[in-house]
Amino acid sequence: MRKGSCCMFTSGVVGALLLISGIALIVSGLFQTLIHNKLKGEISLTEGSKVFATWKNPPPPVYMQFFFFNVTNPNEFLKGEAKAHLTEMGPYTYRQYRPKRNVSFLHNGTKVAAYTPKTFVFLPEKSVGDPNVDMVTTVNIPAVAVINRVKGAGFWVSSGISMYMGSIGTTMFMTHSVQELLWGFKDPLLTRLKTIKPETDEYFGLMLNKNGSDDGEFVYHTGEHNYLDFGRIYTWKGEKMLSFWKTNQSNMINGTDGSAFHPFLSKEERLDVFTADLCRSIHMRFEKEVEVKGIPAYRFTPPRAVLASGKNNPENEGFCLTKKCLDDGVLDVSVCRKGAPVVVSFPHFHLGDEKYSKAIDGISPVHEKHQTFLDLNPTMGVPVRAMKRAQINIHLERVTGFPLTRNLNNTIFPIVFLNESVLIDDASAARIQKLLLVVTLVSHFPLILMALGGILLIVCIILAFRFYQNKPSAKKDTSYAPVSAKVDDQDEKNGTYVGMTPVDKS
């Protein structure tokens, strides 16, 4: 009995203490604060931190895929007899290596500078064909660039250049191999122009001189003093602002480069990303929850407002530098492409005005195939999967003095779309899963205490119930054993009967 009451008392006291401790820890947020501070200290761009080594040399493979648009009816299109008909060719896939170089700390270690050279290696097993063999008919971009450069120079100047282009056989479309279109070829028109303007580069390629090159020096906040600044760009090429656009808001360099984000992300956040390819910053919003290799993640994607026209999104008014602005879903970046009439969009004009996709046969936007997105683990801010998709287009319009353009009608003509993708490797995923497990256990430690306390209190109640159920009564029961239960009537009359044993007299 004494042992049972001792167990009951101990379980009750310990259970109550654990329950009270768990509630107190939840109310105070002590463990949550401890784990948050620990992660904030580890996730910073400083020597010795857990993320610095992977930031300098990311282990997950990055792939760059190119999908070309082949024109099947260039003559009918130029004559104005039919819409351009395009067929998609791709992917032509390259493994991209992008380790950071010349890493140095600035401003007492609060900022870090680095270059990110990009090297591309062709992967035939992930491609549809041989880039040296497969031929593509597309817009003659060097010719369109020259026409755009002399636009407005006067009828006679334009006519003279038009006649010169005709004499050397230059047309509005050209046919080259995928290899040449990407990495460069010697263009006859540019070669002739070089004799007049020696600074002219006679080679053209969409990725000309980009294999092994970088986008310039970036300086990043390390996040050591404020975790919200982790990976945020401080300067690009020594400048805190761009100078391409006409408003300060449009010229702002916002957010990170897309490779790193601060920990403890929320679904309500607006994630800013600066991309040198677009010569501007964009933003992303939460779309849905996903899971990648067992790691929970938030998917962020650019909303329609990112490439909306200035009339539909006043924040974008500064990106229009001409009197006639483009509509939703496209961005004229000729200002940072040496004057070439380059227009960027999402693939197949995804999130763009319908008129752009309907102007050309073979264009059909599909959200799942053509959206750009980032899947980020919200606890650590680590990208576990990403798809950066963009399309390069050329603006074709009628130009006075160039008969080749007389049937053009302001067409945004697709050339190629790119898909830069990354998926976390298995080793990195396993490390993150272990870390998240530790974070979860530590964060839920107060709940574990409460659960244990509750269990012990239930045990105490059960023991108490059994103890009082089995406890004996305080008064003992008394039993009687009469000599004889039978008493005759006579005996009752004579009083109490006394039994005697007779004595033998003999």
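Trainee: On what basis are the values given?

Mentor: The model is predicted, so to speak of local features requires a pLDDT of at least 70 and side-chain atom pairs count only at pLDDT 80 or more, while totals for chains, interfaces and linings use all residues. Residues are numbered from 1 along each chain as its sequence is written, and side-chain values use heavy atoms, with hydrogens and water left out.

Trainee: What pLDDT does the protein average?

Mentor: pLDDT is the predictor's confidence in each residue, from 0 to 100. The protein averages 87, and 85% of the residues score at least 70. Residues 474-481 fall below 50, and this stretch has zero contacts (heavy atoms within 4.5 Å) beyond near neighbours in sequence. Residues 483-506 are also below 50, with two such contacts. Where pLDDT is low, the predicted coordinates should not be read in detail.

Trainee: Which peptide bond is cis?

Mentor: Most residues other than glycine have a negative phi, and most peptide bonds are trans. Here a cis bond joins G90 and P91, with omega at about 10 degrees. P91 belongs to strand β2, residues 86-97; strands (E, at least two residues) and helices (H or I, at least four) are DSSP runs numbered from the N terminus. N108, not a glycine, has a positive phi of about 60 degrees and sits in the loop between β3 (101-106) and β4 (111-115).

Trainee: How many salt bridges does the whole structure hold?

Mentor: A salt bridge places a side-chain nitrogen of Lys or Arg within 4 Å of a carboxyl oxygen of Asp or Glu. The search finds 18. One of them joins E397 and K151, at 2.7 Å from N to O. E397 lies in the loop between β18 and β19 (411-423) and K151 in the loop between α5 and α6 (155-167), so the pair ties together parts that are 246 residues apart in sequence.

Trainee: What volume does the largest cavity have?

Mentor: On a 1 Å grid over the protein atoms alone, a cavity is a set of points where a 1.4 Å probe fits but cannot get out; a pocket is an open set with protein on both sides within 12 Å along at least five of seven lines, and lining residues have an atom within 4 Å of a point. Points are joined across faces, edges and corners, and a volume is the space filled by probe spheres set on them. The largest cavity has about 70 Å³. Its lining includes V144, M172, H395 and E397, and α5 (141-150) gives the most, with three residues.

Trainee: Which residues are closest to the centre of the second largest pocket?

Mentor: That pocket holds about 1100 Å³ of space. Of its 45 lining residues, K324, C325, L326, H395 and I412 are the closest to the centre. β15 (330-332) gives the most to this lining, with three residues.

Trainee: Which residues form the nonpolar patch?

Mentor: Patches are made of residues with over 30% relative accessible area and no salt bridge, with like charges joined within 9 Å and nonpolar side chains (Val, Leu, Ile, Met, Phe, Trp, Tyr) within 5 Å. Accessible areas come from the Shrake-Rupley method with a 1.4 Å probe, and for residues only the protein chains shown count as cover. L437, L441, I448, L452, I455 and V459 form this patch, with about 520 Å² together. Helix α12 gives the most to the patch, with four residues.
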